[in-house]
Amino acid sequence: MSRRVLGAALLFTVIGWGMTAVLSTRPADGEEPPSAKGHIAQSWTFQQHVRPLLKKNCLRCHNAETMESGIRLDQLDGSLAQQRLFLWRDMLRQIEDESMPPDGEPQPSADERKALAAWIKRAIEKARSRHAEKNGSVRRLTVAQYRNTLRDLLGIQEDLTGILPPDGISKEGFTNNGETMSLSPLLVEAYFNIAEKALDLCIVNEREQPVIQSFRMELGENINPTPCPDELILGANSMLLRNQDFQVTELQPDKPFAYRPFAMRKSFRFIEGYQGNDTVRGWREFNSIYHAVFACMRGTLGYPRGHAYQCVPEGLLLRPAIPSSELFGESSTYGPHSNFKVSLRELPQQGNFRVVVDAARYDDGLLLNPSTDTPIESPEDDAITADLSTTPSPNIAIATAGIYQIDVDYVPSEKPAMLSLQLGDRHFPGTLPQQKPSTEATEEKPSARNVAFLLVRLGAGTLDLKAQVTEQSQLRMMRFHRIDEQSRQAQRFVAFERRSPILGVHVGLRRDCGSTLARVGEPQAVTAKESRRFVFEGAINNFPSPDVEEGNPNYLAGFREIGVRSEFTDGRAMPRLRIRSVEFEGPYYETWPPATHRNIFVQSTNRDDPPTYAREVILKFASRAFRRPVTDAELTSLHNVWKTSFDETKDFQQSIKHALIVVLTSPQFLFLVEESAGPEAEDLDEYELASKLSYFLWNSAPDERLIERAAAKTLRRSLDIEIDRMIADPRFRQFTQQFASQWLSLDKFDVLEVDRKRYPQLTRDTRAQLREEPVQTVLHLIRKNLPLRRLIQSDFIVANDVVAHYYGIADRSESGFQFLPVQHESENLGGLLTQAGILAGLSDGRESNPVKRGAWFARKIIAEPPDDPPPNVPELMEDDGEQLTLRQRLERHRNQKGCANCHSGIDPWGIAFEEFNAGGRYRTGDVHDPRSTLPDGTEIENLNELKAYLIQDRLDRVAFSFMKHLAVYATGRSLNFQDVVFLEQEGVKLKSHDYRMRDMIRFIIHSDLFMKK
């Protein structure tokens, strides 16, 4: 069966079925017909009494030609169509509070207002009694849902969805709304290509032995007894380790199956090579694995204190990889300081891989800063003194174990000198400051200097000391002062000791101007001083790879890289990371054939009967893919695809693949389908409930337990147990990542252009962590089932070291990259409204924007969205020489035609956020005025008073807003009028239990909003 024929059949089937299904779920006019008698009576009353009032007082401004504020009332009739109920309710509110007609326009009498309001109330109640048509639903999987579903179904880690266009965004901000999810022929073709590639990755030839590449690079001073004799060159800023300090060995891992070891190429012939810094043209030949695998320290030059890296007999010591200047607005792209990489020419083209790093936390000392730390002044007999003027390697006796400060006497040179200090088998290199020659110094008596150098914990006993210094400096003496355990310096050292380096692995490619790397898995804290193995796994196709033609004669072309770093968090000093070895294996298989293959070609006694076995394989796969039992008609159709292909090719596996491509491109896989017999509301069946629940809480397909409960028809009665299980599962992070990001519009922060001169702390790495803070906050509050008010005001933030550092409370966090609750003890932190990832995203990167912040607050926090701005609305202008305050600029903007009504529901909220700058930080010293009069007349002084107001007076509205957005996301559709009124009236019942976060999720799931179709 040709690909073209199969593709054409799929295209017709999917599009035809999808469009028919979608159209069949919608009534012709979007509205159920009301009962004839009530409808006629209501319409007659409208024509006789209501329409004349509207014509007299409203239609002059709200007609087809004028449409003030985008509102048109001339189309209203007495039927109160579903899609116009919100407009009627807004009209009722403005009639009752007499905000419409506006001042200066003819006003209705009090009796007319009363009569019109009474009619609208009765009509709305009658409209609410109508049941909105359901007709089931059909909605396509989002890109994220499709990616997660493929991964869970097939067991592959490769992300193949890069060719898919981004999903559309609904008016509520979500990507899973069925009305925004179109299906085009190009999209179907993309699904076909992805399905084909995915199955190619899963299915193997069982009779062939796999080829596995595996090697180990061991690191340590003079570890290689037979180093490569060539001088290795790897381009600009490539600070390679000495050839004798690393050793590469190809491995043959122990496997329970036969395989072929991959032999890396060792013989090379290049037309371009390097000698020193000069490019050499002409053919050059090499024969060594060390021209295929390099130990490289390529990165930005320099380090604040000490060596960025150092080879010692026990391995390679790494200090934290400080982000390069590129991230601070400059042009360097060579990567961070202390950027160790294994550079190599060959890696597998596809499949999973495993990197194992043998690492430990070095028993380190804290380098002191000569400009801020001072030597200890004490009597000579209180210090242990080592005279270095006669020998650089004296022995000293440490009588009492403890924390010692080491001070150094030396004669400085005109350039900074590097002191290499060794105490026993521990190494402590550091910088000694330079000093201009003194006019009083002589050759016989040069000018000396005494500096504080190191804090270190020493045991009692004899200690071998070795010291060397560069740049013609002369060492004179070293003093060891034992310090009081309660002293400030001792506490500082204890805090340093408590910190652990964080090991991160990155994979990517080498470029002439730097590297392109992506992180493998999550960084891991290295807490033990003894070496341990740390495992990082990924799929090779998910990482950047060089596109270089085969046989490129350039010596530096096509290098892959495995980066190993001590990850930088917040700049606080931490012990160094010791790397003993780095191992690579790929493709990585635990069994052969791999699990991805065995999950398709299941064990069966029918393997020798192709038609029967094919039916069995297709049945099991399609049932998992469709998330329900396959019907006989579906199975027959899929089996016929296999049979047609098998009759043509006689290739069983290829024919199975053809049938499974049909499965993976079918509507039953690509869509969430809730079938309905008619317009009346019906209960979801158990399989539909399993899928709806799973795509809500996991953003992926239901697991085996959910399907089993659906099959046994016990899912509905065990719903709360399953909700708790699913929230505790790691996959629940996929819900919070999507829901919180879209609800809170974090995409605005993603695309923000930051003025780096004003906000140098908003580096790329810091922004990535700040963006995660709201997501992690929502995750924590739901899992702990904490009250909703913690979203508004809280005595803790959910932060890691990077986020805590940005807020100025780094000393309160010791979690590395892990997000944990941190007590902040600040009146300007806590809750979503003060989070930098949100507030910075609602700015222009230079100045705060109260209009953006106010509109976001109205939409997302209290669900009172402002009207869309009229066409050609002018921007909020910068000062034009008048030196206007923000408040004056807003007033000038509001006074322009068409602006006042919208801004009355925006600006009062946004002004309260003026305490926070465009970087999302609390202003200190800036002139700002956060005082505001809220739409209901409440006066507040600042954002804290706004928080208090929300908790005391508007918590019901905040809860409604959260549940409304939750319901929209859970159901994949916009809410109708009845849905909104239900949430407003029934949701308030959760108030007696503090509107707890997990309880609100349960409330949405148990409601007819979710359970009916």
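Mentor: Before we start, a definition: two residues are in contact when heavy atoms of theirs lie within 4.5 Å. We are looking at a predicted model, in which local features need pLDDT of at least 70 and side-chain atom pairs count only at pLDDT 80 or more, while totals for chains, interfaces and linings use all residues. Residues are numbered from 1 along each chain as its sequence is written, and side-chain values use heavy atoms, with hydrogens and water left out.

Trainee: Which residues is Glu 583 in contact with, leaving aside its neighbours within four places in sequence?

Mentor: Start with where Glu 583 sits: in strand β26, residues 577–586 (strands are DSSP runs of E, at least two residues, and helices are runs of H or I, at least four, numbered from the N terminus). With those sequence neighbours set aside, Glu 583 is in contact with Phe 215, Arg 216, Leu 251, Arg 354, Val 355, Val 356 and Arg 533.

Trainee: Is Glu 583 buried or exposed?

Mentor: We judge this by relative accessible area: under 20% is buried, over 50% is exposed, and in between is partly exposed (1.4 Å probe, protein chains only). Glu 583 has a value of 14%, so we call it buried.

Trainee: With which side chains does the side chain of Glu 583 make a polar contact?

Mentor: A polar contact is a pair of N or O atoms within 3.5 Å; within protein, one must be able to donate a hydrogen and the other to accept it, and residues adjacent in sequence count only if both atoms are side-chain atoms. Another, at 3.3 Å, goes to the side chain of Arg 533.

Trainee: In β26, which residue is the bridge partner of Arg 354?

Mentor: Arg 354 belongs to strand β11, residues 352–361. Strands β11 and β26 pair in the antiparallel sense over 8 bridges (two strands pair if DSSP finds at least two bridges between them). Within β26, the partner of Arg 354 is Glu 585.

Trainee: Which residue in β24 does Val 355 stand opposite?

Mentor: Strand β11 also runs antiparallel to β24, joined by 8 bridges. Because 8 of its 10 residues are buried, β11 is largely enclosed by the rest of the structure. In β24, Val 355 faces Phe 536.

Trainee: How many residues apart are Glu 537 and Arg 354?

Mentor: These two form a salt bridge, with their closest N and O atoms 2.6 Å apart (a side-chain nitrogen of Lys or Arg within 4 Å of a carboxyl oxygen of Asp or Glu). Glu 537 is partly exposed at 44% relative accessibility. The pair links strand β24 with strand β11, and the separation is 183 residues.

Trainee: How many residues apart in sequence are the parts that Arg 499 and Glu 814 tie together?

Mentor: The side chains of Arg 499 and Glu 814 meet in a salt bridge of 3.4 Å, N to O. Arg 499 is in the loop between α7 and β21, and Glu 814 is in the loop between α19 and β29. Arg 499 is buried at 5%, whereas Glu 814 is partly exposed at 41%. The parts they tie together are separated in sequence by 315 residues.

Trainee: How many salt bridges does a search of the whole structure find?

Mentor: Some residues are linked in a network of salt bridges, among them Asp 703, Arg 705 and Arg 709. Searching the whole structure gives a total of 54.
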